Amino acid sequence: MVWKKITIKRLKKQGFSLVLSGGAAYGISHIGVLKFLEENNLQPEEIIGTSMGAVVGAFYAIGKSPEEMERLLKKIEKMDLFKLKYNNSKLEYFKLHVFLKDIFKKRKMKDTKIDLKIMTTEMKTGQGKLFTKEDNVLIYDVVLASSSIPSIFSFKKIKNKYYMDGGVASNLPVEYVKKGNIKIASNVINNTRHVKYKKEKGLFSQIKSKFSTLSNTLYYLIENQTNAKIPYIKNLVLIEPNLQGQKRYKLENYKKLIKKGYDEAKKVIK
């Protein structure tokens, strides 16, 4: 059963888990959800994230407030973190990787203020792997694994196994929530489809065009996968900000994205 609304009083009484979906720059709207929760003294017992949801969730879990995250975005908005770099036959978000490494440093999954869980997909089996504090691994490594789009970015090796984007297995991993908890899920890729296609000239332009096509295809599959399971999840509170028309790989609209997440959380949580 999906609840369209829930009260602050009930969340404080029963306790809840927070699930943050993947979605590239769309995931910045998760910061708005966190901002609303924090303003109302609502702290999740655990945070479960995929891809960009893993990034935002990990920031919050190590103690970065929504305001600190917003200040970071203001500082780096001109850096173009999602600019692709071609390296050894693979595309990489080089600037994003450097930025994340500087934030997480040598922190491990157990070194958080809030219980953190990150969704990945094991390359060999295609099965989901949820990394938790029980796994003695670096947050940085798991976040990169959770964000590695298959066939485009390099798979991430962790303890002799290779992992790729968590969205392949579960972009909104509500099924991994602690038993008995209310599930607050922030889903940022529903109703965000926008496909543009034009014939490109030049090798790098063609590679970027193929990336865009594959990325859109993956988003369609993920959206369908998520929508198929949502009706069967119990005690689910769904927050889905309308991000139609927002840019998936640009940071300049971060204030608008944060506000959309905040406003949608405010509508759902009374």
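Biologist: Thanks! How do strand 6 and strand 7 pair?
Modeller: This is a predicted model, and in it strand 6 (residues 115–122) and strand 7 (residues 128–131) pair in the antiparallel sense over 4 bridges. In that pairing, Lys 129 of strand 7 is the bridge partner of Thr 120.
Biologist: And which residue in that hairpin takes a positive phi?
Modeller: Gly 126, with a phi near 75°. The hairpin has 5 residues between the strands.
Biologist: OK, strand 9 next. How many bridges does strand 6 make with strand 9?
Modeller: There are 2 bridges, and the pairing with strand 9 (residues 161–164) is antiparallel. Glu 122 stands opposite Tyr 163 there.
Biologist: What about strand 8 and strand 9, parallel or antiparallel?
Modeller: Antiparallel, with 3 bridges joining strand 8 (residues 156–158) to strand 9. Ile 158 sits opposite Lys 161. These strands form a hairpin with 2 residues between them, and Lys 159 in the turn has a positive phi of about 50°.
Biologist: Switching to helix 9: which residues are buried?
Modeller: Tyr 254, Leu 257, Ile 258, Gly 261, Tyr 262, Glu 264, Ala 265 and Val 268 are buried in helix 9. They cover an arc of only 165° around the axis, so they lie on the same side of helix 9.
Biologist: Nice. What covers them?
Modeller: The cover includes helix 2 (29–39), helix 4 (66–76) and strand 11 (236–239).
Biologist: And which residues are exposed on the other side of helix 9?
Modeller: Three lysines: Lys 255, Lys 259 and Lys 267.

Definitions and conventions: Residues numbered from 1 in each chain as written. Predicted model: local features only at pLDDT ≥ 70, side-chain atom pairs only at ≥ 80, totals over all residues. Heavy atoms only, no water. Buried < 20%, exposed > 50% of the residue type's maximum accessible area, 1.4 Å probe, protein only. Arc of directions from axis to C-beta. Contact = heavy atoms within 4.5 Å. Pairing = 2+ DSSP bridges.
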